[in-house]
Amino acid sequence: MAKQELLNLRHSIKQDPTPFFLGLLLAIPCLNYYFNIIIQVGFSGGSTSTPIYILLALIGVYSYARISRYNRAVIIISVTVILCVWATFVIHPSLSPILLSSDLNPLNSALLYIVLYGVPAMIYASTIRDWEIQLYILYLLAIPIVFLSLLAYYLVVFRLRIYQGIEYMTFSYNLLMSFCVCNAYGIIKKNKTAFIIGLLTFIVILIAGARGALVSALIFYILVFLKVFKRNITLGILISIGACLLVFLVSTSFNSILDSVSGVLSKNSASSHTLSMMMDGEFFSTSGRDELVGAIRESLQNNPFGFGMFGDRYVLSRKFGVLSTSSYAHNIFWELSCDFGIILGPLLFVIIAIMLIRSYKIKNVVFVMLFLSLIPNGFLKFFFSSSFLISLDFWALLGLMLNKFISNEK
């Protein structure tokens, strides 16, 4: 069966390489991140980033060569986004270090990132026709991502015994798509191996990751459950009963479970950021994000029409005197409001929300599972961290939704 699937995949890629190129755009940065950890720890330095940037840029540029084949709406959005970023570069020259860094590193240059990676991801996703092939490609790429993440975590934490060497936010968010894809593929194909990999990935996110990644993963489970429940009442009831029993058992001994897990990690000179926050009662703390939102709200009182694309970087850098690639709102609603004003920003947020809801209601279960696989990294995480403008998953998710609206499938 697996051999036949691979043969079908090979034939499909020859006919239309779009799903393969989109899979590479989404997966290679994750593979590169974990692989770099491994070679830095195991081989005392080195990096594969430069050739990876070149490879991804070539894949991105290829999408523009075929842009004439795409829907008018995709072309309009692509041109508008690029022009808005360039306008920001002209209007706010103080942002030039992050809009176009001196070393021309696409991951540190917002302009290059959107032009070479973001918009191409949207273009590729907007033209996918075989949802099952796309999901299968992402699943195949998820397997080495999960393997490399486990190896990287083992080398850093259990061999070198330096938990601080793991950037828990980047580490876990790079695993989110793989976690979702494995579960989605397991549901579509009833594949036990995929389910096991998905569960293993969830455990890694819980122990080694950030709370935002954990919450996003849990919401993914809920959204999938609601979709499955609607299609299979018996299975939904059984899962509901099992979930209720699990919640009851966990709630009655929650603190002891946390203490036990924390004790095991401590014996191996490791720790868990998420579990530590749970034990300290800080799981729902804002961690300073309310100060960022406060600064943005204050700036919008003086300029309700917004500050242009990447305007939150401009506002926050002036407020706190620090400009970096992480000087963003950490909230997609306030990022949109700061960039496009108190009228257009919320309106764009509502439009995105409507597109998400409509896509979730589509009857094609394979499309919905692929769509849900991009939701955590392409939308949910922007309520906790990161910026949607420099997220490949967001642009791919946007392209996927445009794809369905273009075809008017219900």
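Helix H4 (residues 72–91) and helix H6 (residues 110–125) pack with their axes 11 Å apart, at an angle of about 170 degrees. Here helices (H or I, at least four residues) and strands (E, at least two) are DSSP runs numbered from the N terminus. The axes are lines fitted to C-alpha atoms, for helices over the stretch in contact, and the angles run from 0 to 180 degrees between N-to-C directions. H4 is therefore roughly antiparallel to H6; angles over 145 degrees count as roughly antiparallel, under 35 as roughly parallel, 65 to 115 as roughly perpendicular and the rest as oblique.

The model is a predicted one, in which local features need pLDDT of at least 70 and side-chain atom pairs count only at pLDDT 80 or more, while totals for chains, interfaces and linings use all residues. Residues are numbered from 1 along each chain as its sequence is written, and side-chain values use heavy atoms, with hydrogens and water left out.

The crossing of H4 and H6 is right-handed. A crossing is called right-handed if the near helix is turned clockwise from the far one by less than a right angle, and left-handed if anticlockwise. On the H4 side, the residues that meet H6 are Val-74, Ile-77, Ser-78, Val-81, Ile-82, Val-85 and Trp-86. Their partners in H6 are Leu-111, Ile-114, Val-115, Val-119, Met-122 and Ile-123, where contact means heavy atoms within 4.5 Å. By class, this contact has twelve nonpolar residues, one polar residue and no charged residues. In this grouping Ala, Val, Leu, Ile, Met, Phe, Trp, Tyr, Cys and Pro count as nonpolar, Asp, Glu, Lys and Arg as charged, and the others, Gly among them, as polar.

The chain as a whole has 18 helices and zero strands. Buried residues make up 50% of its 410 residues, where buried means under 20% relative accessible area, exposed over 50% and partly exposed in between (1.4 Å probe, protein chains only). Among contacts between residues at least 6 apart in sequence, 73% join residues at least 24 apart.

Val-293, Ile-296, Arg-297 and Leu-300 of H14 make the contact with Trp-334, Ser-337, Cys-338 and Ile-342 of H16. By class, six nonpolar, one polar and one charged residues take part. Cys-338, one of the contributors from H16, is buried, because its relative accessible area is 0%.

Some individual residues show how parts of the chain that lie apart in sequence are brought together. Met-177 lies in helix H8 (residues 168–189) and counts as buried because its relative accessibility is 3%. Setting aside residues up to four places away in sequence, Met-177 touches Leu-26, Ala-27, Leu-138, Ser-373, Leu-374, Asn-377 and Asp-393. Its C-alpha atom is separated by 8.7 Å from that of Ile-375, 198 residues apart along the chain. Val-41, in helix H2 (residues 18–42), is partly exposed, with a relative accessible area of 26%. The C-alpha atoms of Val-41 and Leu-155 are separated by 7.0 Å, although the two residues are 114 apart along the chain.

Ser-386 has its place in the loop between helix H17 (365–378) and helix H18 (392–407), and is buried, with a relative accessible area of 15%. Not counting residues up to four places away in sequence, Ser-386 touches Tyr-328, His-330, Glu-335 and Lys-381.

Most residues other than glycine have a negative phi. Lys-190 has a positive phi, near 55 degrees, and is found in the loop between H8 and helix H9 (192–208). Lys-190 counts as exposed because its relative accessibility is 70%. Phe-310 also is not a glycine, and has a positive phi of about 70 degrees. Phe-310 lies in the loop between H14 and helix H15 (311–320) and is buried, with a relative accessible area of 0%.

Finally, a search of the whole structure finds zero disulfides, a disulfide being a pair of cysteine sulfur atoms within 2.5 Å. For Cys-180, which is in no disulfide, the nearest cysteine sulfur is that of Cys-182, 9.4 Å away. Cys-180 counts as buried, because its relative accessibility is 0%.
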